[in-house]
Amino acid sequence: MISDNIDVLVIGSGPAGMAAAIQAKESGSDHVFLVERAEELGGLLSQCIHNGFGLIYFNEDMTGPEYGQRFVEKVMDSKIEVLLETMVLRLTADRKVTLCNRNGVKTLSPKSIVLAMGCRERTRESIVIPGYRPAGIFTAGTAQRLVNIEGYLPGKEIVILGSGDVGMIMARRLTLEGARVKAVVEILPYIGGLIRNEVQCLYDFKIPVLLEHTVINILGIQRVHGVTVARVDQNRNPISGTEKSIDCDTLLLSVGLIPENELSFMAGVNLDPITGGPLVNERMETNLPGIFAAGNCVHVNDLVDNVTLEGEKAGQNAAEHASEKAAPKMGIKLVAGDNVRYVIPQMITGEREVTIRLRVKEPEKGVIFKVGDIMTKTLKVVKPSEMLNLILSETHLNKMKKGTTQLVVSCQKKG
Amino acid sequence: MVKNLNEIICIICPLACRISVAVDDEGRLIEVANFQCKEGKEYAVAEYRSPMRVLTTTVIVGKSRHALVPVRTNRVILREKLFDCMQHLSRIKVEPPLKVGDVIVKNILNTGSDIITTSELVD
Amino acid sequence: MNQPILEADVVIIGGGVTGAAIARELSRYQLGTVLVEKGGELCAGQTKASLGNIYTGLNLVGSMILKSVLLPPGTPLTELYHPHTLHTKWCEEGFREWESVLNELDIKHRYVPLTIIAKDENQIKNLEKIRDLGRQLGGMYADFERIDRKEILAREPNVNPEVVTALYASRHVIDIFPPEVAIALAEKAVQNGCKILLNTEVIGILQNGPHQIVQTIRGPIRTNFIVNAACGWGDKVCDMTGEGRNWGLQYRKTVMIILDTRCKELVNGMVRWPNVPGRLDLVQRREDNILIECGTYDPTNRPDDTNTIREDVIKSMEMAKTIIPSISEKDIINTFTGVRVFNTRDVEDHIVEFHPSNKKFLNVMIRLPGIIGALPMARHVVGMIEEAGCKLVKKDDFHPYRKTIPRFRDLSDEVRNRLIGNDPRYGHVVCRCETVTEGQIVEAIKRGASTEEGIRMRTRAGMGRCKGGFCGPRVVKMLARELKIPVTEVKKRSLDSPLLLCRSKELLLRNEKGIA
C-alpha cells in the first residue's frame, strides 16, 4: 500500500539500505519504505557468493548471501514496505521522490530519505583502451552477476585487468568453473586488494600476475581474440618494446568503482569530487536537510560490516529527522591532509564521539596519524586499498582550542 | 641435512609477512623465520603443511525461476580437493524450497565437510 | 543451378542510411524490393559512426571554403560553389525536406545553434572568407550573423575566452542520431512491403537471362534490378557484376568522443574552429551529452577500420579543450571511430551511375554527408530505375507516418502512466542511465532488433555511462526470451559476435579431469 505519510524512504536495498531501513524502524519510524531496482533485496550481496563477510558485525565468516539473508529476514519481519523492480526516476531537494514500476509512476514526499544506491564500475570506454568494439569485454561485477546468478560464463579464456578484490575473486571463480584465467594485469607495482585474496585467488591457482603492466590494445573485431599488454614506467605510460599479446576470448575489467550519485546530483546534493559521493556530516546527512546517505554511494568501502554500521547511522538519523528531533550543529570541518585521500564524514559536531573513516593516497610503513593536535595514532602499515578508522573520543574533542573550525587529518611517516 | 625453503605469505594482518618455512627432505620442520607474531608463525606452518580452504560456488536449480543457488563448504577442506568438489557439484541439481544452511551433499568426497546452501530460495 | 529462394524486382545491397532511404522510396511502388545487409543489424557500417547532423547554410559554406587554397588569385570565391554537383543539389533540397519528414517519421531531432569561432589572425582570415562566400551566395548561405566576443560569451559562456569573433547561425544544424534515421526509414520500407534480410552478405552476382541472381551466403535472390548502396564495400560489390568500374574508394578514419551528461551544460550548440583542410574541430551539444570530433581525417585502407587509437583520443581531447577549456578526460563515457568513404574519381561528389556493362546494376556511392541529401537521392535513384525500364505503379496504401518506440525518458509522468496502464512492461525500467523500459525493449525486438546493438540503437539501452553494466544481462535475457533462442546464441551484432560463451558448469562437465 503506497501511503503518503512516509517517515523514511530508503533508495537501494543493498547492505547500506537494508541496515538504514531496519534501524529507522527500530528508532521509532512508523512508515519505512525500501525501494530496489533489481528483482530481489540484497543488492550486490546476492552475487558475492564468496566468504569473508560479517567477521566484525556477526563475528562469523559468512558468504555475501548469508550476510544479506540476516538483514532480509529482519526487513521482512519489521513491516518495512518493500518495492522491488522499482526505479527512482527523480529526486528533488525538497525530498519529492518519483518512483516507477509496473504499477505506474508516482511521486511521494517522505519526511526523510536515505540514499543507498551503491556504486557502478568503471568501463573500458571511460579508460579509453584502444581497439575495436568486440563482444567479450565485461566489467568484473557484471561478469559476477552472470556467473553466480544468471548461470553463464562470459568466456573460456580470460584476461583480467585490475587486481582489486572484485577482479581477484572473479579470477578464482572463473577458474573453479573451468575457465582458464591467462593473466591478471595490474598497472601499479602492487596488488590492489586484500592479501588474503592475493593468496587464495591468484597464487592458489597459479594465475600469472603482471604487475606494472596494462592492456594497450584489445584484439578482435566482433569477438575478443586477444589483448596486447605492455610494461609501464613510473608515470604509468607503456614502455615501447615491452608489448606482448595474450590470446583470450574475454577481457574482464576491474578498474575502479564509482559511487552512483545520479539522483544525488539531480537533487542538488553537494558531492565531494575526491570520493564522488555526497559530502556528509557525522549524522550521514547531506547538505540537503532530511536527505541522508550511506554505503558505497558515499565512498567505496572494503568491508560490508562497515557499510552496515554506516547504514544504521543514516537510518537512525533519518528517523530522528522524520520525528522532527532537533539536529545538532555541525561546527567542525574535517580536512584531508598529508597522504590522506579523503575523510568521511567531512563535517562533525565536535562534541560527540565520532569515527573517522579514511583512505591514504600512498602505501607506507610505520606511520603516525594526526587529527589536528588533539589525537594521534600509529600504525605499522597503511595501504590505499584498506579503509582505516580513527576514533575521536569526547576526551580528544575536549582538547580542541576554542574557535576551532577545522581539523586536518594527516598521515606521516614516523621518525 | 638439506634445507628446503618455502615462502608463505601470511594473511592474518596487513603486514603480509613473507614467512620462511624450512623443512628437511622428510618434511620435518627445521625452522620458521621472518614472522612478527605467534599467530603468523602458526598460520605459516599450518598453511605449509596442509592448506585448507572454504569452497564457495553455485549449484544448478531446477523447477525454479532461479538458475542457481549459492553454496559453500561448512568447514575448510584441503585445497587440493577444490576441483574434485567442483566436478562433483557440477552434476547436481536441486529444487526449491531451500533455506539457508540446507545440506545438499553430506561429507563431500570424504572431506569431512558438508555442502550447504547460503541463500533462501522460495520458488 | 539451385532454385532461387527469393524473387524480387529490386535488390538493394547495403542497410545504411542510403539503402534504407532508397528502400523506403521504392516501397511507394508496387514492386518487390529486398534489402540485403551483411551485418547482424542495420547501420553496421559507416552510418553507425557518422557525426549525426543534418545541416545547411553556414556549415556547408565552411566546407566549401576548404578548396580556397587551390583557387588561382583573383578568382571569385563563388567558384567554390558547385550547385551542379549531386552533393550540393541534394544537400540544399534535402535540408528543406527533412523538417517535415523528421516529424512524419517521429524521429527525435533538435536545432542546434552553430558558432564558428576565431581567435587568431589566420582563423579570422578563414572566417572572413566563409563570411564573404556566404554573403555572395545569398539565401540560406547568407543567413548568419557576425558576433563579437561579448556576444559569443553570452551564448557560449564556456568557450575559449581568447575568441575574438565568430559567425553564428541558429537554425542551420539539426542534431539527430544517425541509426535512428536509418532505422526509421527502414521500418517504413518494411511496413510498406519491403523485405530486409540481415546477416546476408552478397558473395556473387550472375546474369540469368533477362534477370540477375544475387548470390548471398543465405541463398540466391533472382531480381530485375540491383542497387549497390554498400558504401565502404561498394567497389567490391560492383566488381561482382563485371569489370568496367572507373572509380575506386578511399577511406578516412576519424575518432569521436562522447562526454557524460553531467557536463552537457558546458556547451549549448555546435562550436567549431573554421574549417582547415584535412581537419574537423568541433564540440557539439547533443540532447543529453557532448560529442567531440576534433582531428584529422587519417587515410586507412579498410572501410571497417574502426579501431580506436589512444593517441588519437588524447590529441582530440587536447584540441577540444582549445574550444571548451573546462572539459575533462574524466568525463569520457565513450569513444568510437568512424570511417568516411570517398570515391577516387571525384572526391567532392557522389557517383550514381549504372554499371558500364550492366544497365540494371546501379551504383549509388554516396560520400559524406549522407543523411542530408538522402531523400532527394532516393527519389533520383528511383527515377533512374524507372528510366532504365522498371515499371513503377504507385501504391495507394503507402503509409508515410511512423510512430517511434515510446521514449519513456522523455515522456511526462501522465503519459508514462497511460503507457504502463496498457502494458505494465513499460513500468519496468531496465536501463538506469537512459531510463529505458522492458516495454521498449520488447517493442524494439518486435520491430526487428535481434542483437544487443539493435536494442541499443533503437532504445538507447546500454548507451549511458555504465555501458550496460546493469541492463546488459537483463537485455540479453529478454532477447533470448522474445526470440526464443538460448542465451548463449544472443549476439552483440554479427553472427560471429556471441556475448556469453557457455552455460554454468558446461566446462566442468566437459573436462572430466579438471584443470591441472
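**Exercise 1. Burial and overall form of chain C**

Determine what share of the 516 residues of chain C counts as buried, and decide whether the radius of gyration of chain C agrees or disagrees with that of a compact globule.

*Solution.* The model is a predicted one. Step one is burial: a residue is taken as buried if 20 or more other C-beta atoms lie within 10 Å of its own. By this criterion, 54% of the 516 residues of chain C are buried. Step two is the radius of gyration. A compact globule with 516 residues would have a value near 24 Å, and because chain C has 24 Å, the two agree. Step four turns to the fold. Chain C contains 14 helices and 23 strands. Of its contacts with a separation of 6 or more, 73% are between residues 24 or more positions apart.

**Exercise 2. The form of chain B**

*Solution.* Buried residues account for 27% of the 123 residues in chain B. The C-alpha trace of chain B spans about 60 × 30 × 20 Å along its principal axes. Its secondary structure comprises two helices and ten strands, which follow one another along the sequence as β-β-β-α-β-β-β-β-α-β-β-β. Among contacts in chain B between residues at least 6 apart in sequence, 46% join residues at least 24 apart.

**Exercise 3. Where chain C meets chain B**

State how many residues of chain C and of chain B are in contact, and classify those on the side of chain C.

*Solution.* Contact is judged by C-beta atoms that lie within 7 Å. Six residues of chain C meet eight residues of chain B. The chain C side of this contact consists of three nonpolar, two polar and one charged residues.

**Exercise 4. The domains of chain A**

List the domains of chain A, then describe the contact between domain 1 and domain 2 of chain A.

*Solution.* Chain A is divided into domain 1 (8-120 + 258-322), domain 2 (123-255) and domain 3 (332-413). The C-alpha centres of domain 1 and domain 2 of chain A are 31 Å apart. Four residues from domain 1 of chain A and five residues from domain 2 of chain A make up the contact. On the domain 1 side there are one nonpolar, three polar and no charged residues.

**Exercise 5. Nonpolar cores**

Identify the residues with the most contacts inside the largest nonpolar core, and trace the contacts of Leu251(A).

*Solution.* The largest nonpolar core has 153 residues, and those with the most contacts inside it are Val10(A), Ile11(A), Ala20(A), Val114(A), Leu115(A) and Leu251(A). Helix α1 (residues 15-26) of chain A supplies the largest share of this core, seven residues. Beyond its neighbours within four places in sequence, Leu251(A) touches several residues, including Gly136(A), Val159(A), Leu161(A) and Val227(A). Another core, of 124 residues, lies apart from the largest one; among its members are Val10(C), Phe95(C), Ile183(C) and Val267(C).

**Exercise 6. A sheet in chain A**

Give the order of the five strands in the open sheet of chain A, and name its edge strands.

*Solution.* The order is β24-β22-β29-β26-β27 (chain A), with mixed pairing. The edges are β24 (347-348) and β27 (375-382) of chain A, each of which pairs on one side only. Within the sheet, strand β22 (residues 332-336) and strand β29 (residues 406-413) of chain A run parallel and are joined by four bridges. Leu334(A) stands opposite Leu407(A) in β29(A).

Key. Residues are numbered from 1 along each chain as its sequence is written. Chains are lettered from A and ligands numbered from 1 in the order in which they are written. This is a predicted model: local features need pLDDT of at least 70, side-chain atom pairs count only at pLDDT 80 or more; totals for chains, interfaces and linings use all residues. The radius of gyration is taken over C-alpha atoms; the globule rule is 2.2 Å times the number of residues to the power 0.38. A residue is buried if 20 or more other C-beta atoms lie within 10 Å of its own, exposed if 12 or fewer, and partly exposed in between; C-beta atoms are placed from the backbone. Two residues are in contact if their C-beta atoms, placed from the backbone, lie within 7 Å. Ala, Val, Leu, Ile, Met, Phe, Trp, Tyr, Cys and Pro count as nonpolar, Asp, Glu, Lys and Arg as charged, and the others, Gly among them, as polar. Domain bounds come from an automatic or database domain assignment. A nonpolar core is a set of buried Ala, Val, Leu, Ile, Met, Phe, Trp, Tyr and Cys residues joined through C-beta atoms within 7 Å. Two strands pair if DSSP finds at least two bridges between them.
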